[in-house]
Amino acid sequence: MAVLEILEFPDPRLRTEAKPLARVTDTTRTLIDDMLETMYEAPGIGLAATQVNIHQRLLVMDVSDEKSEAMVFINPVISVLDEELAEYDEGCLSVPGFYETVCRPRKVMVSALNRDGEPFTLELEGLAAICLQHEVDHLNGKLFVDYISPLKRQRIRKKLEKDQRQRA
Ligand code: QAP
Ligand code: CO
């Protein structure tokens, strides 16, 4: 297992649209295990392959308190079950140190493949529904900062660019 490097906003590679996986292989499962280790180590509740510069439609999350309920979604497809929106102060491992309120549908259905390549369908609400939508956005090259004001986004960009320069 390995902890992978996480891309940070405004890295243009975060804007890449991920491609569906044609099949789920041992290589996929190694990537899943590395992504879970990377997420738990951060620590975070969700991580999309895009964030570790792998442009495949794959994400992991664990919204449980005990951090004992790893979920894996390969080629996920979301449909909205309830148009009612829920507000949440979202963060992102690719936007470290910043949290902003985002509104998203509160209840969704997701169809995906599991780590064995078998299809499943699940209804999610609460934090799991929010997190899943946030992670699927990553696979489409979208970030939570795209939902906030351009002024706030610019402020975040400047601060992270400065942090990244100081580290380099
Ligand atoms: C996405 O985000 C999410 O700024 C997952 O300094 C978050 O795991 C979806 C993290 C909230 C819905 C609601 C963020 C860790 C982790 C930071 C994360 C940080 C350290 C974010
Ligand atoms: Co994120």
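This note covers the two ligand sites of a predicted model.

1. Basis. The model is predicted: local features need pLDDT of at least 70, side-chain atom pairs count only at pLDDT 80 or more, and totals for chains, interfaces and linings use all residues. Residues are numbered from 1 along each chain as written, chains are lettered from A and ligands numbered from 1 in written order, and side-chain values use heavy atoms, without hydrogens and water.

2. Shell of ligand 1. There are 19 residues around ligand 1 (near means a heavy atom within 4 Å). Gly44, Ile45, Leu93, Gly97 and Tyr99 come nearest. By class, 12 are nonpolar, five polar and two charged (Tyr and Cys count as nonpolar, Gly as polar).

3. Polar contacts (pairs of N or O atoms within 3.5 Å). Polar backbone atoms of Ile45 and Gly97 each lie 2.8 Å from an oxygen atom of ligand 1. A polar side-chain atom of Tyr99 is 3.2 Å from a ligand 1 oxygen. The protein covers 84% of the 500 Å² of accessible area that ligand 1 has on its own (Shrake-Rupley, 1.4 Å probe).

4. Elements. β3 (71-90) and α2 (126-139) each give two or more residues to the ligand 1 shell (DSSP runs: helices at least four residues, strands at least two). α2 gives the most, with five.

5. Cobalt ion (ligand 2). Its protein donors are Cys92 (SG), His134 (NE2) and His138 (NE2), at 2.1 to 2.3 Å (donors are N, O and S atoms within 2.8 Å of the metal, or 3.2 Å for Na, K and Ca; water is not among the atoms, so sites may look incomplete). The donor spacing is C-x41-H-x3-H. Cys92, in the loop between β3 and β4 (100-113), and His138, in helix α2, are 46 residues apart and link distant parts of the chain.

Methods:
A polar contact is a pair of N or O atoms within 3.5 Å; within protein, one must be able to donate a hydrogen and the other to accept it, and residues adjacent in sequence count only if both atoms are side-chain atoms.
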